[in-house]
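Hi,

Here is the model I promised to pass on.

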Amino acid sequence: MALLEVEGLSVAFGGLAALSGVSLAVSAGTVYAIIGPNGAGKTTLLNAVAGYVRPASGRIRIDGRDTTDLAPHAIARQGLRRTFQNGGVWGEMTVLENILVGVDHDAQSGLLGILFGFGRDRRTERRAVAEARAILARAGLAGIEDKRVRDLSFGQQRVIEISRALVSRPRILLLDEPAVGLSESEREELGARLRALAQEGTAVILVEHVVDLVMAVSDRVLVLNSGQVLAEGTPEEVRGDAAVVEAYLGSA
Ligand SMILES: Nc1ncnc2c1ncn2[C@@H]1O[C@H](COP(=O)(O)OP(=O)(O)OP(=O)(O)O)[C@@H](O)[C@H]1O
Ligand SMILES: [Mg+2]
């Protein structure tokens, strides 16, 4: 059974059909890309899966459990994390603090609890900090934990955002254009990191315009166009699809 299933999903904004009857299935341990022109509905699809947008019709299931009508925090509790298209780091906070925001995301005390010790015991706090440090070390950011995020490169800021999403070891990770603004070598590192996550069993859902990256790391690719599925298949199948080339790849 697929870990994430989307069935006949439609989303409307006023009179605009942002998504129409979109279905997909993502297995654990795979990288699943969603591509398509600007305005195709890619971010809307992630928003619906994460509970930020209510679909007009269709169902979403995580591990067989219907999550369509759940609130974002309840969906997060099913093991889903996301990053945002326009980045989501706090420039004035340190790298370590940015990662700690992701620790125990569901707890009421959350960040304030960790940073200021409200409602938490010392041991929980120490464990959170240790976990955050381990994640940073794995991401190659061990030496810069106490730097302010705004002083880092754009590429490092994106790595921090993804690292924060990984703190709770999500089963499903949604990434919205993580390669924007990255250098060639940073893109390659990102690709390797996504493959490693899939290897560990995570279902990685990648919305991305950088086609080379998509083709290199994805197990399957879904092509959206005007809110509808234009094609779905392996990178090779999608790359060879005449309709996809015409609607998207030809100009990408
Ligand atoms: N909150 C909203 N209210 C109204 N319309 C919206 C809203 N969010 C998205 N849309 C519209 O829905 C359509 C799909 O937008 P979406 O952001 O999902 O596209 P996208 O594929 O992510 O595009 P891009 O590649 O530019 O990020 C667009 O026409 C967009 O203007
Ligand atoms: Mg988008």
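The angles run from 0 to 180 degrees between N-to-C directions, with axes as lines fitted to C-alpha atoms, for helices over the stretch in contact. Helices (H or I, at least four residues) and strands (E, at least two) are DSSP runs, numbered from the N terminus.

Some housekeeping before the rest. This is a predicted model, where local features need pLDDT of at least 70 and side-chain atom pairs count only at pLDDT 80 or more, while totals for chains, interfaces and linings use all residues. Residues are numbered from 1 along each chain as its sequence is written, chains are lettered from A and ligands numbered from 1 in the order in which they are written, and side-chain values use heavy atoms, with hydrogens and water left out.

Two strands count as paired if DSSP finds at least two bridges between them.

Going through the pairs:
- β1 (residues 4–13) and β2 are joined antiparallel by seven bridges, and V6 stands opposite L24 in β2.
- β1 and β4 share five bridges, also antiparallel; S10 has S57 in β4 as its bridge partner.
- β4 and β5 run antiparallel with two bridges, where R61 is partnered by D66 in β5.

β4 and β5 also make a hairpin with two residues between them, and D63 in that turn has a positive phi of about 55°.

**The six-stranded sheet**

The other open sheet I looked at has six strands in the order β6-β7-β8-β3-β9-β10, with mixed pairing. Its edge strands are β6 (80–82) and β10 (228–233), each pairing on one side only. On average, neighbouring strands here are turned by 15° against each other, direction ignored. Helix α7 (residues 184–199) packs on this sheet, touching β3 (31–35), β7 (172–176) and β8 (203–207), and its direction makes about 150° with that of β8. Helix α10 (residues 242–249) packs on the sheet as well, touching β3, β9 and β10, at about 120° to the direction of β10. As for β9 (residues 220–225), five bridges join it to β10 in antiparallel fashion, with V223 partnered by A231.

**Ligand 1**

| Residue | Atom | Distance |
|---|---|---|
| G41 | backbone N or O | 3.0 Å |
| T43 | polar side-chain atom | 2.8 Å |
| T44 | side-chain N or O | 2.6 Å |

Taken alone, ligand 1 exposes 630 Å², and the protein buries 60% of that. Those areas come from the Shrake-Rupley method with a 1.4 Å probe.

Cheers

Definitions and conventions: Contact = heavy atoms within 4.5 Å. Polar contact = N/O pair within 3.5 Å; in protein donor to acceptor, adjacent residues only side chain to side chain.
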